[in-house]
Amino acid sequence: MIRLTRLNNQPLTVNSDLIKFVEQSPDTLITLVTGEKIVVRESAEEVLARLIEFRRSVLQGLSFSWDSSCSHTSLPDRPHSGNREPEE
């Protein structure tokens with residue numbers, strides 16, 4: 001979610017996943033995937049900067065333990081969990 005400002009100075013929080021287009025001509029027009037259009041005071045560049053900052057903060061919150069040396073390691077063998085009788 002990013003915080004923006006409507007032309008009448010009212011604050012607005014937008015779900016960044018719903019943004020389809022951001023246009024500058026001369027006001028900044030945001031088009032959502034739903035077709036709704038929102039005009040905001042911030043420039044298109046500022047909207048983009050806020051989008052990037054938000055996405056970066058989300059990705060930094062994820063903690064991955066990645067060891068590139070074992071990226072193709074196979075899973076250990078597990079016993080079969082089906083209902084078949086064991087072979088003798």
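Glu46 is partly exposed in this predicted model, with a relative accessible area of 31%. Through salt bridges that share partners, Glu46 belongs to one network with Glu42 and Arg50. A search of the whole structure finds 3 salt bridges.

- The side chains of Arg50 and Glu46 form a salt bridge, with an N to O distance of 2.7 Å.
- Both Arg50 and Glu46 belong to helix α1, where 4 residues, about one turn of the helix, separate them.
- Arg50 also meets Glu42 in a salt bridge between side chains, at 3.6 Å from N to O.
- Arg50 is partly exposed, since its relative accessibility is 26%, a value between the limits of 20% and 50%.
- Glu42 has a relative accessible area of 10% and is therefore buried, the limit for that class being under 20%.

**The pair Asp17 and Arg55**

- A further salt bridge joins the side chains of Asp17 and Arg55, at 3.1 Å from N to O.
- This pair links distant parts of the chain, 38 residues apart: Asp17 lies in the loop between β2 (11-14) and β3 (19-24), whereas Arg55 lies in helix α1.
- Asp17 is classed as exposed because its relative accessible area is 56%, and the class begins over 50%.
- Arg55, by contrast, counts as partly exposed, at 40% relative accessibility.
- Side chains of opposite charge can pair when their charged atoms come close.

**Leu51 in helix α1**

- Leu51 is found in helix α1, which comprises residues 44-61.
- With a relative accessibility of 14%, Leu51 counts as buried.
- Apart from neighbours within four places in sequence, Leu51 is in contact with Ile2, Ser16 and Ile19.

**Confidence of the prediction**

- The protein chain has a mean pLDDT of 82, and 69% of its residues reach 70 or more.
- Across residues 70-75 the pLDDT is below 50, and this stretch has 1 contact in the model beyond near neighbours in sequence.
- Where pLDDT is low, the predicted coordinates should not be read in detail.

Methods: Residues numbered from 1 in each chain as written. Predicted model: local features only at pLDDT ≥ 70, side-chain atom pairs only at ≥ 80, totals over all residues. Heavy atoms only, no water. pLDDT = per-residue confidence, 0-100. Contact = heavy atoms within 4.5 Å. Helix = DSSP H or I, 4+ residues; strand = E, 2+ residues; numbered from the N terminus. Buried < 20%, exposed > 50% of the residue type's maximum accessible area, 1.4 Å probe, protein only. Salt bridge = Lys/Arg side-chain N within 4 Å of Asp/Glu carboxyl O.
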